[in-house]
2 protein chains.
Amino acid sequence: MTDEQPHPLDQALALTAQAPGHYTGHTSAAYWNMVGPYGGISAATVLAAVLRHPEALGEPVALTVNYAAALAEGAFTLQAVPERTNRSTQHWTVRVLQPPGPGQPETVVTTATVLTAARRETWSASDSPMPEVPSPAECPAIAPMFPVQWLQRYEMRPVSGLLPQVWDGREADSASCLWVRDAPPRPLDFPALAALADVFYPRVWRRRALQVPAGTVSLTVYFHADAALLARTGSGHLLAQARAQEFRAGFFDQSAQLWNQAGTLLATSHQIVYYKE
Amino acid sequence: MTDEQPHPLDQALALTAQAPGHYTGHTSAAYWNMVGPYGGISAATVLAAVLRHPEALGEPVALTVNYAAALAEGAFTLQAVPERTNRSTQHWTVRVLQPPGPGQPETVVTTATVLTAARRETWSASDSPMPEVPSPAECPAIAPMFPVQWLQRYEMRPVSGLLPQVWDGREADSASCLWVRDAPPRPLDFPALAALADVFYPRVWRRRALQVPAGTVSLTVYFHADAALLARTGSGHLLAQARAQEFRAGFFDQSAQLWNQAGTLLATSHQIVYYKE
């Protein structure tokens, strides 16, 4: 089927190289959130740019993305710089830029750092076993709870911690857990995993049962999987779990884990989120 | 006492401004670790540079430091750039550079990003209550377990999860908890808190009871405290708790919480650490 449409994720991650590390891209309507692109797609784009760089070494270990401003619909440029290359590790900085208006000079909208490494097999172990939960087939998929595009790009099967059904300020904990994968299904790779690490609705909505304005300002993803493990995971569901630790004066943090269906921890992530009351 | 010596932390954080955002500094023997400066002092230095910048807005919310190479003993330069300033938030990138040898051009040894913000009072809550533990007075201070300088800069009162007493490969969990503060005591500020977020010995040593080579490659600190809360905390002890989630093919992650003695969560932190077997 050579005339098959590429997956929406691959369309969104398309970049045109102008020079090594200098790319142009375009925001994707398919991953649009309320006032800009879904944060996960921005993280995936940053990572995809590094991984396709001709000097890239190894596989991703850590990614931090800082959302300095909302991307506007349209073209952007992305600069990926290998700041330091060691024998088995490599440190990158990335900037995404966009003119704030027609004819204006570009300004920074996103900054990021990436660590890649040539990993080697060694003693390995987990201190975060996957919780015992019903299988994906036992957890019905839900329709998107909001009319935003990016929610249609994920098949979500909540296990616990659904969005509050009534916004009455009575909820009490910040944890939730769901089975999730790309929709339509797509074999997992590192950019897709980075995007999935941001798939949770804001913890303050659950903690407060109030739908206050909230947005991620910095996201860190640690990759524990290598490419072979991602290949074994394929297009299966991931169990994704998140909870907040502290809500304080306009910012809360959130920690998350993502396991494949076989129970292997693929990634852990952390973010700090702006909220307003 | 105008002839009083400044605190070792303040001596270590001394920077000379060459131009706005362009500083020179010098590694501190007082915070030396095995093959370079203690990672926490590098994090504190990055943050101190941003906070003293004439354009700095508000207080720190997030800090990510990437340790691309070990700093050598001697002078370094530090560049702090305000990449984007919004109404109430500001995004920074920082680089620390050093010539790899006499007469050679500078290369990047550390990259970092910092988010500062003018925080405002709002609804706040905690989802990570401080564990119930004996008071600092009930937990005897221990002498440094290794002959490295930085351990003498902290008063450590272990609560649980001491270093293995025998390196026999028999330990089973990765968690530890201690009361800790600067030694000598010093009123807490943001750079000091950033440094304290890295005060834990490598989790793999506890998990394996094997003293394998290990070193932090990326550290993220989220600050939940404002300056007023730090002032109330003063030079009191902090309860610092850390555990790993996954050890996989040469890297493990570690999550930590730091509360003041009144039980308020001041900071959460995350890091990814290289290990070798």
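Reply: Let's start with the hairpin made by strand 1 and strand 2 of chain A, where two residues sit between the strands and A:Gly21 takes a positive phi near 85°. Keep in mind that this is a predicted model. Strand 1 covers residues 16-19 and strand 2 covers residues 22-26, and the two pair in the antiparallel sense over three bridges. If you want a spot to look for in that pairing, find A:Ala19, which stands opposite A:His22 in strand 2.

A positive phi turns up in chain B too, at B:Ala209, where phi is about 50° although the residue is not a glycine. To find B:Ala209, go to the loop between helix 4 (203-208) and strand 10 (214-223) of chain B.

While you're browsing loops, check the peptide bonds. In chain A, the bond from A:Ala183 to A:Pro184 is cis, with omega near -5°. A:Pro184 lies in the loop that runs between strand 9 (176-182) and helix 3 (190-196) of that chain. Now hop over to chain B: the bond from B:Ala183 to B:Pro184 is cis, with omega near 0°. B:Pro184 is found in the loop between strand 9 (176-182) and helix 3 (190-196) of chain B.

Next, some labels for chain A. An unreviewed UniProt entry marks residues 30-114 as "domain: Acyl-CoA thioesterase-like N-terminal HotDog". That stretch of chain A is 15% helix and 45% strand, with its end C-alpha atoms 25 Å apart. Further along, UniProt lists residues 137-274 of chain A as "domain: Acyl-CoA thioesterase-like C-terminal", again from an unreviewed entry. Here the chain is 14% helix and 40% strand, and the end C-alpha atoms are 35 Å apart.

So how do the chains meet? In terms of contact, 63 residues of chain A touch 63 residues of chain B. Between them the chains bury about 5700 Å², with 51% of it on carbon and sulfur atoms. Three residues, A:Trp123, A:Asp127 and A:Gln245, supply 14% of the area that chain A buries against chain B, more than any other three residues.

Strands take part in this meeting as well: strand 11 of chain A (residues 238-248) is joined by two bridges to strand 7 of chain B (residues 125-126), and these strands run antiparallel. Look for A:Phe247, whose bridge partner in strand 7 of chain B is B:Ala125.

Then there are the charged and polar links. Four salt bridges are counted between chain A and chain B. In a salt bridge at 2.4 Å, N to O, the side chains of B:Glu83 and A:Arg95 meet. Across the interface there are also 44 residue pairs in polar contact, counting residues at pLDDT 80 or more. By class, the side of chain A that touches chain B has 23 nonpolar, 25 polar and 15 charged residues.

Methods: Residues are numbered from 1 along each chain as its sequence is written. Chains are lettered from A and ligands numbered from 1 in the order in which they are written. This is a predicted model: local features need pLDDT of at least 70, side-chain atom pairs count only at pLDDT 80 or more; totals for chains, interfaces and linings use all residues. Side-chain values use heavy atoms; hydrogens and water are left out. Contact means heavy atoms within 4.5 Å. Buried area is the accessible area (1.4 Å probe) that two parts lose on being put together, summed over both. A polar contact is a pair of N or O atoms within 3.5 Å; within protein, one must be able to donate a hydrogen and the other to accept it, and residues adjacent in sequence count only if both atoms are side-chain atoms. Ala, Val, Leu, Ile, Met, Phe, Trp, Tyr, Cys and Pro count as nonpolar, Asp, Glu, Lys and Arg as charged, and the others, Gly among them, as polar. Two strands pair if DSSP finds at least two bridges between them. Helices (H or I, at least four residues) and strands (E, at least two) are DSSP runs, numbered from the N terminus. UniProt positions are given in the numbering used here, feature names are shortened, and annotations may be inferred rather than shown by experiment.
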